Amino acid sequence: LSERPTDMSYFSAIHFAEQEDYTEEYTKTVYLTGETFPNTTDVMNNFKVMVIDDFDTKTLTEEQNQALSEWIKQGGICVIGTGVNAQKTLEGLQNIISVSSNHVINQYIRIAGTRVKADVAQLEIQGSQTEEIENASILHIGSGSVVLYDISLSLSPATETTGFINEIRDCCESLSKSLTEIKYQDSYNYNPLSYIARKFPE
């Protein structure tokens, strides 16, 4: 969910566990807008990870906000980028996470082992069980988690640093075993010849 979907396109490189039926299909990245963002938990449950960056969350409806909140509490993982857009991105999520950002500092940080300069939001987190990792805080909410980065995910250096997307993936996988589980159909019902047949042209 971002107003800069083109700059978030590097997220399409993230692939979690394979889907069923040995089809070699992986999770896919879907770019959402305020109009297409889910407003029920039933629809939210189709997502493994939600990423929010450079989006005015105050424009989300009460139903959309509540659906996101319940989805996280039930085990969802929400990754949020801040940086120069911290206030804009966080202001509409205060019912989920109590976080404020008073100012941004341009400073050197390390991303994927590389020393780079970035605009870093000075975040104040209240009322959540928090775990600190490099450039981010993990807030444990119910059965789920919010991974709160202090930099923007849609701006340099995040968009230009090789290996950073792998760090995000590894973080998400460490928070939810379901992201690494490969689910195969019941072997009694699965016909391996159907997989072979799909390799031949019609």
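The pLDDT is the predictor's confidence in each residue, on a scale from 0 to 100. In this predicted model, the protein averages a pLDDT of 86, and 85% of the residues score at least 70. Confidence is highest in strand S2, at a mean of 97, and lowest in helix H5 (residues 192-197), at 42. The stretch to read with some care is residues 186-202, where pLDDT stays under 50. For this stretch the model has nine contacts beyond four places in sequence.

Turning to the overall architecture, the secondary structure comes to five helices and seven strands. From the N terminus on, these elements follow the order α-β-α-β-α-β-β-β-β-β-α-α. Of the 202 residues, 40% count as buried. Among contacts with a separation of 6 or more, 66% are between residues 24 or more positions apart.

Strand S1 runs parallel to strand S2 (residues 77-80), and four bridges join the two. Within this pairing, Met50 stands opposite Cys78 of S2. Together with helix H2 (residues 62-73), the two strands form a right-handed β-α-β unit. In a regular strand, side chains alternate between the two faces of the sheet. In S1, Val49 and Val51 lie on one side, Met50 and Ile52 lie on the other, and all four are buried, so that both faces of the strand are covered.

Asn65 counts as buried because its relative accessibility is 10%, below the 20% cut-off. Its neighbours beyond four places in sequence are Gly92, Leu93, Asn95 and Ile96. With Gly92 there is a polar contact: the backbone oxygen of Gly92 lies 2.7 Å from a polar atom of the Asn65 side chain. Asn65 and Ile96 are 31 residues apart in sequence, and their C-alpha atoms are 8.5 Å apart in space.

The nonpolar interior comes next. In soluble globular proteins, nonpolar side chains tend to be buried together. The largest nonpolar core here has 27 residues, and those with the most contacts inside it are Phe11, Val79, Tyr149, Ile151, Leu153, Phe164 and Ile168. At least two residues of this core come from each of S1, S2, S3 (98-111), S4 (114-126), S6 (136-141), S7 and H4. Helix H4 gives the most, with five residues. Apart from this core lies another, of 25 residues, among them Met44, Cys78, Val99 and Leu139.

Beyond four places in sequence, Ile151 touches Gly81, Thr82, Gly83, Ile109, Ile111, Ala118, Asp119, Val120, Ala158 and Phe164.

Finally, Ser152 is found in the loop between strand S7 (144-149) and helix H4 (164-175). Despite this loop position, Ser152 counts as buried because its relative accessibility is 6%. Its side chain makes a polar contact of 3.4 Å with the side chain of Asp53, and it also reaches the backbone nitrogen of Leu155 at 3.5 Å. Not counting residues up to four places away in sequence, Ser152 touches Asp53, Thr82, Gly83, Asn85 and Ala158.

Methods. Residues numbered from 1 in each chain as written. Predicted model: local features only at pLDDT ≥ 70, side-chain atom pairs only at ≥ 80, totals over all residues. Heavy atoms only, no water. Buried < 20%, exposed > 50% of the residue type's maximum accessible area, 1.4 Å probe, protein only. Pairing = 2+ DSSP bridges. Right-handed = clockwise from strand over helix to strand, strands pointing away. Polar contact = N/O pair within 3.5 Å; in protein donor to acceptor, adjacent residues only side chain to side chain. Contact = heavy atoms within 4.5 Å. Core = buried A, V, L, I, M, F, W, Y, C linked by side-chain atoms within 4.5 Å.
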